Amino acid sequence: SDGKGNSDVMMLMNLSADRQRVTVVSLPRDLLTDIPACEDPQTGEVYPEQQSAQLNMALSYGGPGCTVAAINHLTRCLAVEWGRHACHRHLHRRGG
């Protein structure tokens with residue numbers, strides 16, 4: 001095995017700046033979305049953009065970096081790093 005595969009679950013979590021609220025959004029693994037072109041940092045292989053691809057394909061396509069890029073593209077949020085995200089404007093209700 002090359003260590004790559006598809007994910008079963010993707011959860012996007014936002015922790016408020018004051019650390020008083022947490023918002024979690026589950027992203028369906030078979031959600032169809034565009035996956036932007038990305039590079040596998042381990043191999044240097046560049047993967048072309050995929051249109052209408054399943055979101056979980058991004059992980060096997062180019063690793064965590066491709067997944068973060070796909071989620072950024074889908075949500076228009078900034079994924080700070082694998083496992084940490086900053087998506088205040090889309091995940092929180094106005095004023096809340």
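Predicted model: local features only at pLDDT ≥ 70, side-chain atom pairs only at ≥ 80, totals over all residues.

Author: Residues are numbered from 1 along each chain as its sequence is written, and side-chain values use heavy atoms, with hydrogens and water left out.

Reader: Which residues of the largest nonpolar core touch the most other members?

Author: A nonpolar core is a set of buried Ala, Val, Leu, Ile, Met, Phe, Trp, Tyr and Cys residues joined through side-chain atoms within 4.5 Å. Buried means under 20% relative accessible area, exposed over 50%, partly exposed in between (1.4 Å probe, protein chains only). Here the largest core has 13 residues, and L27, I35, L55, Y61 and I71 touch the most other members. At least two residues each come from β1 (10-15), α1 (57-62) and α2 (64-75), with α2 giving the most, 3 residues. Helices (H or I, at least four residues) and strands (E, at least two) are DSSP runs, numbered from the N terminus.

Reader: How many disulfides does the structure hold?

Author: A disulfide is a covalent bond between the sulfur atoms of two cysteines; the criterion is a pair of cysteine sulfur atoms within 2.5 Å. The structure holds 1 disulfide, formed by C38 and C66 with sulfur atoms 1.5 Å apart. Because C38 lies in strand β4 (residues 38-39) and C66 in helix α2, the pair ties together parts that are 28 residues apart in sequence. C38 is buried at 10% relative accessible area, and C66 is buried at 0%.
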